[in-house]
Amino acid sequence: MRHLLFLLLLITLTACPQKDDDVINCTEVYVYGLNVTVTDANTNEIILEGITVLAEDDDVVEMLELGYESYIGAGERVGNYTIVVSGDGYMSQTVGPIEVLADECHVIPQNIEIVLVPN
């Protein structure tokens with residue numbers, strides 16, 4: 001009887017192996033789908049003041065926030081975005097559509113560089 005229990009236990013353990021490959025460990029970091037760097041066409045310098053960056057996706061319009069050296073937005077939100085950049089002393093620039101996708105855990109950030117031409 002003891003041999004039979006041992007055999008059943010052995011069959012159960014080998015028939016249902018645990019796969020660590022199936023486990024997905026996602027971080028709790030908040031990921032922005034859009035990272036937009038805006039530069040001046042004449043100086044090639046990054047513009048951090050006096051600029052408005054809008055992201056439009058269907059009925060959603062979001063003003064991107066100024067991060068370290070880029071404007072960030074579309075936090076954890078997939079979509080097809082049109083980016084509109086404007087500022088005093090510059091001609092407005094529209095880029096898109098920019099597709100933001102996601103993997104099993106987070107959106108996949110899209111890095112966009114927009115060059116503004118002074119008026």
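Three nonpolar residues, Ile46, Leu48 and Leu66, form a patch on the surface. Together they have about 220 Å² of accessible area. The model described here is predicted.

Leu66 lies in strand 4, which covers residues 65–66. Is Leu66 buried, exposed or partly exposed? Its relative accessible area is 44%, so Leu66 counts as partly exposed, because that class lies between the 20% and 50% limits.

Now the whole protein. There are 1 helix and 8 strands. The order from the N terminus is α-β-β-β-β-β-β-β-β. Of the 119 residues, 29% are buried. The protein exposes about 8,500 Å², and carbon and sulfur atoms supply 53% of that area. Among contacts with a separation of 6 or more, 60% join residues 24 or more positions apart.

Next, the inside. The largest nonpolar core has 21 residues. Leu34, Val36, Val38, Ile51, Val53 and Ile83 have the most contacts inside this core.

Which residues does Leu34 touch, leaving aside neighbours within four places in sequence? Its contacts include Ala55, Leu64, Tyr71, Ile72, Gly73 and Ala74. Leu34 is also in contact with Tyr81, Ile83, Ile98, Val100, Gln110 and Ile112. One of these partners, Ile83, is itself listed with Leu34 among the core residues with the most contacts.

Technical notes. Residues numbered from 1 in each chain as written. Predicted model: local features only at pLDDT ≥ 70, side-chain atom pairs only at ≥ 80, totals over all residues. Heavy atoms only, no water. Core = buried A, V, L, I, M, F, W, Y, C linked by side-chain atoms within 4.5 Å. Buried < 20%, exposed > 50% of the residue type's maximum accessible area, 1.4 Å probe, protein only. Contact = heavy atoms within 4.5 Å. Patch = residues over 30% accessible without salt bridge, like charges linked within 9 Å, V, L, I, M, F, W, Y side chains within 5 Å. Areas by Shrake-Rupley, 256 points an atom, 1.4 Å probe, with all protein chains shown as cover. Salt bridge = Lys/Arg side-chain N within 4 Å of Asp/Glu carboxyl O. Helix = DSSP H or I, 4+ residues; strand = E, 2+ residues; numbered from the N terminus.
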